[in-house]
Structures are given as C-alpha cells and as structure tokens.
Amino acid sequence: MDEMTLLLVLLVVSYFGNALIVPGQAAAISLPSGSQFILLGFVLGPHVLGVVPSDAAASFMPLAMAAISWLSLVLGTSYGYAGDRRLLAPAFVRGFSVALLSAALIAAAVFAAAYWVAGASVRDAQLMALGIGLAGCETTRQSARWVLDRGIAPTRLLTLLEELAVTDEVVPLLGLSCFFALAPPPVTLVSISHGGWFLLTLLLGAVLGLTSALLVSGFSAAEAAWGVLLGAALLGTGIAWRLSLSPLTTLFVMGVCLSLGSRHAAELRPLLARTGPGVLLPALLLTGALLRLPYDEGHLYVSFAAVVVRIAARVLLGRGLAQATRAEPQQRWPFGFAMCCTGSVSVLVGLSFALYFPGPVGDVVLSTAVINGVLGDVLGIIGMRQTFLARSGGEAREPLAASAS
Amino acid sequence: MSAAHSHGDRSLFAVRAYALLGLGVVFGALYISEHVTPDFHGPFAVISAVGFLLLAGMLSAQLCEAVGLPHLTAYIGVGVLGGPLVHDGVPPTTVEQLSPVNTLALALIALAGGAELRVPMLLPQLRSLTIATVVHSLMGVALLTLTFLACSTFLPFTQHEPLRVTLGIALLWGALAISRSPSATLGIFAQLRPDGPLSRYALAFVMSSDIIVAVLTTLTVALVRPLIEPMSGIAVSDLLALGHEIFGSITLGVTLGFALALYLWLVSGQLLLVLLALGFSVTEGLRYLHFDPLLTFLTAGFVVSNLSNQGAKLLHAVEATGSLVFVVFFATAGAHLDIPLLSRLWPVALTLAAARIAITVGAHRIGSRLAKDEPVVRRWGWAPLVSQAGLTLGLSAMVERAFPSFGGGFRSLIVATVAINEVIGPILFKLALDRSGETGRGTTAHAAAEPAVSSAAAPAE
C-alpha cells in the first residue's frame with residue numbers, strides 16, 4: 001500500500017468515524033477507547049498482514065501528530081465541563097489527585113521493573129516510568145457516555161465517574177510537557193532551563209489560545225472561526241515540535257485558554273467536539289500500524305508490571321471513592337473496575353512518546369498504553385455493567401456536593 | 001453620527017486592531033522559533049507553514065479590507081512576506097512540499113467553477129462569449145506577439161536568435177498571454193459574492209477561456225515547432241495528445257459529475273471528506289492518465305450543477321472550504337513568487353504586463369461593441385481578464401518541456417509577468433465589481449463565514 005492509498009484509507013475511516021459516531025454516543029463505537037481501530041491498524045500493519053508498510057505509516061507521522069494535537073485542542077476547550085455543566089474546584093482536585101496518584105504508582109512499578117528486572121539504564125527506566133505512568137492514569141470520557149447511551153438514569157456514582165473523566169486528563173497532558181522539558185533540549189541559540197521549557201510550553205499554548213479567542217470574537221458566528229482555529233492549531237503544533245515542546249500540552253492549554261477567553265466558547269465546544277471522531281479514528285488506525293509489541297523479555301516484564309499495578313491502583317482508588325460517596329457496598333468494587341477504562345488520551349500520550357522517542361522506549365510506552373486500553377475496555381465494561389446496568393432502577397441523578405454549578 | 005454608526009465603527013476598529021495584534025503574534029512566534037532553532041528542517045516545518053499562511057492570510061485579509069484591497073492580495077502578500085525572500089518562515093523546500101495542498105485546492109476551485117457555470121446563465125451570453133473569445137484569440141494574440149517581438153532585443157534568450165525563431169517564441173508568448181485565472185476569479189467571488197451582468201460575464205468567459213487557451217497553446221506549440229527547429233515538422237502527435245487529454249478529461253469529468261450527483265442525492269453527508277478523497281485520488285489518477293485535472297473537475301462541477309438538482313449542495317460544501325482553500329492556495333502562490341527574478345526582469349516584465357493590460361482593454365472594448373454587451377460589461381468587462389496564476393504557469397511549464405533550448409528563460413519571463421498580473425488583477429476586478437455595484441448582490445451561502453467587520457461596516461457605507 002503506497003502513501004496515497006493509505007491516505008484514502010484514513011479518509012474512509014474518518015468518513016465512517018464521522019458518519020457513524022455521533023459525539024456523545026459511544027454506543028456506536030462499541031468500546032469506550034476505540035481499541036478495535038488500533039487492533040485493525042495493527043492487523044493491517046507491517047507485523048501482521050503487511051498491507052500498510054512501516055515506511056508508509058512513518059511518513060504519516062507529522063499528520064498523526066497534527067491530528068492528535070487537534071484532539072488535544074478539542075479536549076482543552078471542553079476541559080472541566082460535564083456536558084454543559086461547568087465543574088467546580090472540588091471536582092478538579094479529586095480528578096487531579098486520583099490521576100496523579102495513579103501515575104505515581106504506575107511509574108514507580110515501571111521504574112522498578114525496568115531498572116531491576118529488565119536491566120534498563122536509569123534514563124531509559126525513567127523515561128518508561130514517566131511515559132507509562134502518564135499514559136495510564138486517566139479515565140476515558142467515553143466511559144460515562146457508554147453508560148448513559150444505554151439508557152441508564154444518571155446516579156451519583158455515574159456523576160462521579162463523569163467528573164473524574166473530564167478532569168483527570170490534565171495530569172497526562174501537562175505531565176507530557178514536563179517529560180518533553182526533561183528530554184534533551186533542541187539545538188538552540190539560547191540556553192533555557194528545564195523549568196523554562198515547561199513554562200514556554202504553557203506560554204505558547206496560552207498565547208495562541210488567547211489570541212485565537214480574541215480573533216474569534218471578531219467573527220459574527222463561531223463557524224467562521226475554522227480558519228483561525230485550524231491555522232493556530234497547526235502553527236502551534238509545528239512550533240512546539242520545532243522547539244521540542246509537547247504539541248499535545250501546547251494545544252491542550254490553547255484549548256483551555258480559548259474556552260476561558262472566548263465569548264463564543266459555548267458554541268465552539270460542540271463544534272469542535274464534532275470533529276473528534278473523524279480525527280480520532282484515523283489516528284487510532286495509524287497508531288495500530290505504528291505499533292511494535294515489546295520484543296524483549298525485559299520489556300514484557302515492564303508492560304506486565306505496568307498493567308497489573310494500573311489495574312490494582314484504579315480498582316483500589318475507585319473502591320475508595322465509591323465508599324466516600326456512600327455508594328451501595330455491592331457497587332464499590334465494580335466501580336473500581338469501571339475506572340480502569342482508559343481511552344484516547346492514553347493512546348495519544350503513548351503515540352506522542354513513540355513519535356518523539358522512536359525505538360524501544362517509545363515502543364514499550366505505546367504498546368503498554370494500547371494493552372491498557374484493550375484490557376481497560378474489557379474490565380471497564382464488566383465493571384460498568386456491574387455498577388450501573390445491573391442496578392438500572394437505582395437512584396436518581398444527584399450532583400456531588402459542591403461540584404457542579 | 002448615530003449610535004449604531006458609532007458602534008459599527010468601534011467594532012470595526014476593534015476587529016482590525018485584533019487582527020493587527022494577531023498578525024504580530026503569528027509573525028513573532030514564527031520568527032522567534034526560527035531564530036532560536038535555525039537548523040530545524042523537517043516535515044513539521046510544513047505543518048507550521050500551513051498554519052502560518054492560513055492564520056496570517058486571514059488576518060491580513062481583514063486589514064486589507066480597511067484599504068479596499070481584495071483578500072487575495074492579502075493572501076499573496078503574506079506568502080511573499082513569509083516566503084523565502086523576506087521572512088523565510090516558509091522556506092523553498094516547504095513551498096515545494098505544499099504541492100499536495102495546492103493540488104487539492106485547485107481541484108476544489110475547479111469544481112466550484114464548473115458548478116457556478118449554469119446553462120441558463122450561459123445561453124443569453126453565448127453570442128457575447130463567442131465574439132469575445134474570437135476577438136481575444138485573434139487580436140489579442142496578434143498584438144501580444146508584436147509586443148513581444150518589439151521587446152525581444154532586451155531579452156537574453158531571444159536577442160541572438162534569428163527573426164524566424166523569435167517569431168515562433170513570440171507566438172507562444174501571445175498564446176500564453178491571453179490566459180486568465182479561474183482561481184483568482186473564484187477567489188474574488190468567494191469574498192464579494194457579486195451578481196449582475198459583469199460578474200456573470202466574468203465567470204463564464206474566464207472559465208471557458210481555460211479550455212480555449214489550453215487548446216490554443218498546444219496548437220501553437222505544434223505549429224511554431226518548424227519555425228524554432230527547422231529540421232522538425234508539425235508534430236501531429238502533440239495534437240493527438242491534446243485531443244486525448246481534452247476528450248479524456250471531459251469524459252472522466254462527466255462520469256465524476258454523475259457519481260457526485262448520485263452521492264449527493266443518496267447520501268449527501270460528510271461531503272467535505274468525500275471532496276478531500278476525490279481531490280487527492282482523482283488528481284493522482286489524472287496525472288497518471290495525462291488528463292487535465294482542472295478541466296475534469298470543471299466538467300464534473302458543470303454536470304452536477306446542470307444535469308442534476310444537487311448543484312446547490314455541492315456549491316455550499318465547496319464554499320464552506322473556500323475561505324481555507326483560497327488562503328492556502330494564494331499564500332503559497334505568494335511564497336512561490338520569484339522576487340529576485342522579478343527584480344532582474346522587471347523592466348521587460350512590466351512593459352509586457354502593461355501592454356497585456358492595454359491590449360486586453362482594447363480587445364474587450366472592440367468585442368463588447370460588436371456583441372452589443374450591456375454598458376457595465378462594456379466598461380468593466382476587461383478587469384476580470386487581467387489576473388493570471390496557476391494555469392499560465394502550468395502552460396509555461398509545458399512550453400519549457402517542449403522547447404528546452406529557450407524554455408527556461410521563457411518560463412522565467414512568464415513567472416515574472418504572472419507575478420505582476422497576480423497582484424494587480426484581483427485589485428482591478430474588485431474595483432470593477434465595487435464600481436459597478438455588483439458586490440454583495442449574490443447569494444450568501446456562507447454569509448456566516450464573513451467576519452463581523454462586514455456587518456459592522458454596513459451602516460457606515
């Protein structure tokens with residue numbers, strides 16, 4: 001398959017992504033994370049059928065980065081919103097803490113496995129720990145949608161899941177910029193400290209976001225802003241990559257600032273969300289084609305440790321949260337499993353690592369993110385069925401205390 | 001000054017101030033990133049280049065409106081300023097790598113152009129179009145050939161050639177010089193949404209002249225070959241290839257048009273993605289078959305618009321992409337402009353460009369008088385015929401391939417004159433539409449896509 005054919009395949013996938021998946025209706029995608037598209041890409045990729053050769057997939061790397069950066073912008077504009085409901089500080093603190101704790105536990109386990117079991121160097125072990133930790137610490141937004149789309153009345157526990165899902169992605173997306181800042185800096189004419197690179201990422205995103213907000217305000221309708229948004233997103237992605245900053249973080253921050261600063265924010269959010277499936281599915285397919293499973297025994301240990309610790313951490317944290325919200329006892333353990341659902345953010349973080357660090361480290365991070373995605377789908381769906389579907393006649397929607405406005 | 005008037009002025013001022021600020025941020029961000037990492041080269045340069053051209057183009061267009069210049073001028077200007085000559089934000093390698101974007105843009109532009117050509121609009125103009133085509137093709141080519149002959153002693157690639165060869169080259173020049181720019185015409189239409197006798201005439205004439213000039217140039221290449229290369233005769237193969245190209249392009253265009261109409265009728269959703277897929281895949285296939293993408297997509301648009309009732313849907317979908325497509329297409333064209341070449345050839349290029357405008361005005365006046373056109377067409381009908389862009393450059397590349405001995409110099413001169421016409425043409429056309437009162441009279445399929453400045457400016461006008 002040459003590049004043109006691959007492009008057409010991606011456009012066809014995008015077509016079906018847009019045509020079949022209405023944003024907010026995860027039922028059509030069947031799995032919360034969209035893992036089936038990754039698996040399809042993997043099967044078509046160089047390691048199974050070879051329909052998509054590795055060089056063709058690699059030539060789409062900039063396009064893949066632009067696509068996932070755009071998705072990051074989409075996430076940024078709707079960050080902190082559960083539907084039209086704007087969340088308050090306690091929800092943010094909860095989501096941030098759960099994600100940070102998950103990332104720390106996974107990173108510790110990965111570092112231990114990589115350094116002591118797999119015999120990786122300290123630097124490689126650190127990179128894998130950070131990458132896998134960040135890629136495994138979030139809950140996909142699609143998980144709550146998956147339940148709602150099955151006609152289940154919202155409950156407090158479901159509200160909790162939804163709020164965690166829309167607030168915890170700040171950890172992987174901002175953490176990514178710390179990681180890029182710690183990586184070897186580009187050859188520049190000025191000397192900037194690690195902290196400086198991190199701040200520069202935030203600054204670039206903020207400048208682009210606020211400038212876009214200002215420019216969009218000059219248009220009579222939000223639909224007219226496409227040129228500005230697309231231009232700013234591409235410019236931000238290109239500059240971020242040029243300066244070895246994280247494009248995902250840059251565009252996420254841009255999205256948050258755009259959402260905060262634009263008078264059209266309420267119109268922009270659904271408008272941008274509609275582009276999600278059409279961009280996400282080709283990106284997932286490409287991810288699958290770029291995927292190289294760990295070939296080294298040591299790397300398998302690393303992935304295994306990451307998966308086990310992630311599940312344990314999410315289940316325990318989920319159970320604790322369910323208990324804290326006074327959920328029924330029989331819902332507490334299943335809720336922990338429901339929190340195992342990971343999604344596009346994890347895969348995108350993994351893909352970002354793989355693109356930035358081509359080689360064993362990037363491969364391990366990406367493949368572990370994908371394994372987490374697939375396993376998370378299986379365990380998460382079981383957990384969500386047990387928690388919500390088995391008790392669909394349960395309690396009515398009741399917002400968590402002081403979390404909704 | 002009324003309150004509404006004052007409010008409109010304030011909004012207008014604010015929007016332009018934002019645009020200026022945004023432009024500063026865009027140029028500043030690109031400038032700093034380039035100067036901090038001067039050794040960066042790679043595919044991501046293309047991504048930031050597209051972003052830069054898109055954003056800076058849109059913002060400059062708002063500023064250009066303040067002084068009455070068309071958006072296309074702003075897009076070209078951004079390309080020149082951001083291009084290799086001034087800012088180097090879009091280096092030459094990046095400009096080359098942007099060719100797939102241009103391919104797609106050209107396909108969408110041609111599709112829109114074909115869809116705009118409706119038989120009920122063309123029929124009343126048939127006599128006028130026929131006379132104009134004949135006058136421009138005969139008188140225009142003859143006078144432009146003579147002008148070139150007069151300038152030939154100043155040109156390095158003709159000054160030592162015998163008259164016979166110079167005449168052959170001059171005839172090629174004459175044929176190419178009557179080419180117009182469908183993309184510039186549609187770009188102006190996308191911005192101003194005009195309607196009236198002048199805009200209908202411009203659309204019909206510029207679109208149909210695309211086919212005429214392609215045929216004329218190929219014929220001229222075949223006919224002047226014995227003059228330039230005495231050992232060779234008239235190349236029948238060139239004519240056969242031309243016939244194959246035109247027939248094949250139209251046939252494929254008709255098929256594509258019916259397929260599109262069927263899709264629009266049965267499904268109609270996700271049209272943007274369908275157009276993207278068609279733009280890339282069909283152009284690739286056409287290149288392999290040696291067919292003309294412009295003619296194929298033009299025919300497809302024409303079929304959808306005239307042989308089905310899906311034309312409005314297609315136009316709406318293409319128009320929705322218009323603001324993005326035209327920005328990238330013309331900004332890239334601006335970045336492509338060879339300013340050092342223009343600075344070397346400017347006296348001859350300027351003379352030839354000025355003569356071309358004068359001859360176009362003269363030929364138009366004569367043709368218009370013969371056809372008894374409406375007064376507004378008689379007065380301003382020449383204005384849309386000044387622009388030249390991609391079509392002319394494409395045909396000059398064909399001449400370069402056919403005559404390598406002087407083709408390089410010839411093409412450079414074409415590039416230099418196209419640079420002048422590309423900048424002046426849209427300004428003149430906008431001026432004509434504004435003066436004739438046709439601006440804004442057309443259907444505004446994407447009125448929402450116009451900046452608020454337009455509505456804010458309305459009370460003040």
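Predicted model: local features only at pLDDT ≥ 70, side-chain atom pairs only at ≥ 80, totals over all residues.
View 1. A salt bridge here is a side-chain nitrogen of Lys or Arg within 4 Å of a carboxyl oxygen of Asp or Glu. By this rule there are nine salt bridges over all chains.

**View 2. A:Arg141 and A:Glu169 pair up in a salt bridge at 2.2 Å, N to O.** The pair ties together distant parts of the chain, 28 residues apart. A:Arg141 sits in the loop between helix 6 (122–135) and helix 7 (142–148) of chain A, and A:Glu169 in the loop between helix 8 (156–167) and helix 9 (170–182). Helices are DSSP runs (H or I, at least four residues), numbered from the N terminus. Both partners are buried, meaning under 20% relative accessible area, with exposed being over 50% and partly exposed in between (1.4 Å probe, protein chains only).

**View 3. Two salt bridges of chain B, B:Arg200 with B:Asp195 and B:Glu229 with B:Arg225.** For B:Arg200 and B:Asp195, the closest N and O atoms are 3.2 Å apart. B:Arg200 is partly exposed at 32% relative accessible area, and B:Asp195 is partly exposed too, at 31%. For B:Glu229 and B:Arg225 the closest N and O atoms are 3.3 Å apart. Here B:Glu229 counts as partly exposed because its relative accessibility is 27%, while B:Arg225, at 15%, counts as buried.

**View 4. B:Arg356 is buried, yet has no salt bridge.** This arginine belongs to helix 15 of chain B. The nearest side chain of opposite charge, B:Glu422, is 11 Å away; Lys and Arg count as positive and Asp and Glu as negative, with His and the chain ends not counted. What the B:Arg356 side chain does reach is the backbone oxygen of B:Ala177, at 2.6 Å.

**View 5. A positive patch lies on the surface of chain B.** Its members are B:Arg127, B:Arg365, B:Arg369, B:Lys372, B:Arg378, B:Arg379 and B:Arg435. Patches are made of residues with over 30% relative accessible area and no salt bridge, joining like charges within 9 Å and nonpolar side chains (Val, Leu, Ile, Met, Phe, Trp, Tyr) within 5 Å. The place of a charge is taken as NZ of Lys, CZ of Arg, CG of Asp or CD of Glu. Helix 15 (339–371) and helix 16 (375–380) each supply at least two residues of the patch. B:Arg365, in helix 15, is partly exposed at 40%.

**View 6. A nonpolar surface patch of about 530 Å² sits on chain A.** A:Tyr115, A:Trp116, A:Val117, A:Val122 and A:Tyr301 make it up. Accessible areas come from the Shrake-Rupley method with a 1.4 Å probe; for residues, only the protein chains shown count as cover. Helix 5 (residues 89–117) gives the largest share, three residues. A:Tyr301, from helix 15 (residues 297–324) of chain A, is partly exposed at 41%.

Conventions. Residues numbered from 1 in each chain as written. Chains lettered and ligands numbered in written order. Heavy atoms only, no water. Polar contact = N/O pair within 3.5 Å; in protein donor to acceptor, adjacent residues only side chain to side chain.
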